[in-house]
Amino acid sequence: NCPPARELSPASRTWTALRAAIRGGKPATALALLRHHPPAAWAPTDTAVAWAAAHGQRAVVEALLDAGAPVAARSADGATALLVAAQDRDVPLVTTLLQWDGCGVALNAARYTDGLTALHVAVLQQAPAIVTALLAAGADGAAVSVDQHKTTLHMAAERDEAATLAALLGGAAPLEATTDTSDRALHLAAYWGKTQAVEALLQAGAAVQAANSDGKTPLLLAA
């Protein structure tokens, strides 16, 4: 059974002290608070777990999770600790969070502002080890961003990261998914002159003659 994402109530004294300790860069204080004053209840609000992750306080993240803080709790913009860890290219923390996220709730959670998941962020940060770990955990390669409706494969094609492309083309990301302008990953790779991406996509069977909303094929964009 997977409970809904809940977090420590902002009205509690423990929450106030924890917030100050985490954001003030005092992990030892945060750990002491959790040891001696464990929260009695959790309620929906901003997430201490994401804050601790953002400050690189891995021990605090683990202590919060041990105390019952939900791994999928979100910050004000919808970011989870997993999104933060992917943004920071923190492989050990991503591994820890995935172990706690047994139901996969945080795995495919998207930020409210841009619709990006942890997998999108890992691709943007060119962190192939994190991309591989997220895919192994079951991350959704077909998820699209709010802006332009890009999948992770679109973003990888624009960055020419061979290891990331290989991982995504292993079956997680739809090869012919289109953006809001009907561009496929091959269109973007051809337009930006990303040679490795073009070769990888062609080997995977990408359609060379597919036209986008402007009627242009990858061949035309590469010319």
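**Contacts, helices and a pocket in a predicted model**

Beyond its neighbours within four places in sequence, T179 is in contact with Q148, H149, K150 and H154. These contacts come from a predicted model. T179 sits in the loop between α10 (162-168) and α11. Its relative accessible area is 9%, so T179 counts as buried.

Just after α9, D160 takes a positive phi of about 60 degrees.

Helix α2 (residues 27-36) has buried residues at A30, L33 and L34. Seen down the axis of α2, the buried residues fall within an arc of 95 degrees, and therefore they line one face of the helix. An α-helix has 3.6 residues a turn, so residues three or four places apart point the same way. On the other side of α2, A28, R35 and H36 are exposed.

In soluble globular proteins, nonpolar side chains tend to be buried together. Here, the largest nonpolar core holds 59 residues. Within this core, I22, L64, L82, L97, L134, L168 and L201 touch the most other members. The contacts of L134 can be listed. Not counting residues up to four places away in sequence, L134 touches L82, V94, L98, L107, A118, L119, A122 and A139.

Helix α8 (residues 128-136) includes A136. With a relative accessible area of 70%, A136 is exposed. A136 and A167 are 31 residues apart along the chain, and their C-alpha atoms are separated by 9.6 Å.

Empty space was also examined. Rolling a probe the size of a water molecule over the atoms shows where such space is left. The second largest pocket has a volume of about 210 Å³. It is lined by 15 residues, of which T181, D183, L188, Y191 and N212 are the closest to its centre. Helix α11 (residues 185-191) gives the most to this lining, with 3 residues. By type, the lining of the second largest pocket divides into 4 nonpolar, 5 polar and 6 charged residues.

Technical notes. Residues are numbered from 1 along each chain as its sequence is written. This is a predicted model: local features need pLDDT of at least 70, side-chain atom pairs count only at pLDDT 80 or more; totals for chains, interfaces and linings use all residues. Side-chain values use heavy atoms; hydrogens and water are left out. On a 1 Å grid over the protein atoms alone, a cavity is a set of points where a 1.4 Å probe fits but cannot get out, and a pocket is an open set with protein on both sides within 12 Å along at least five of seven lines; lining residues have an atom within 4 Å of a point. Grid points are joined across faces, edges and corners, and a volume is the space filled by probe spheres set on the points. Helices (H or I, at least four residues) and strands (E, at least two) are DSSP runs, numbered from the N terminus. Ala, Val, Leu, Ile, Met, Phe, Trp, Tyr, Cys and Pro count as nonpolar, Asp, Glu, Lys and Arg as charged, and the others, Gly among them, as polar. Buried means under 20% relative accessible area, exposed over 50%, partly exposed in between (1.4 Å probe, protein chains only). Contact means heavy atoms within 4.5 Å. The arc is that of the directions from the helix axis to the C-beta atoms. A nonpolar core is a set of buried Ala, Val, Leu, Ile, Met, Phe, Trp, Tyr and Cys residues joined through side-chain atoms within 4.5 Å.
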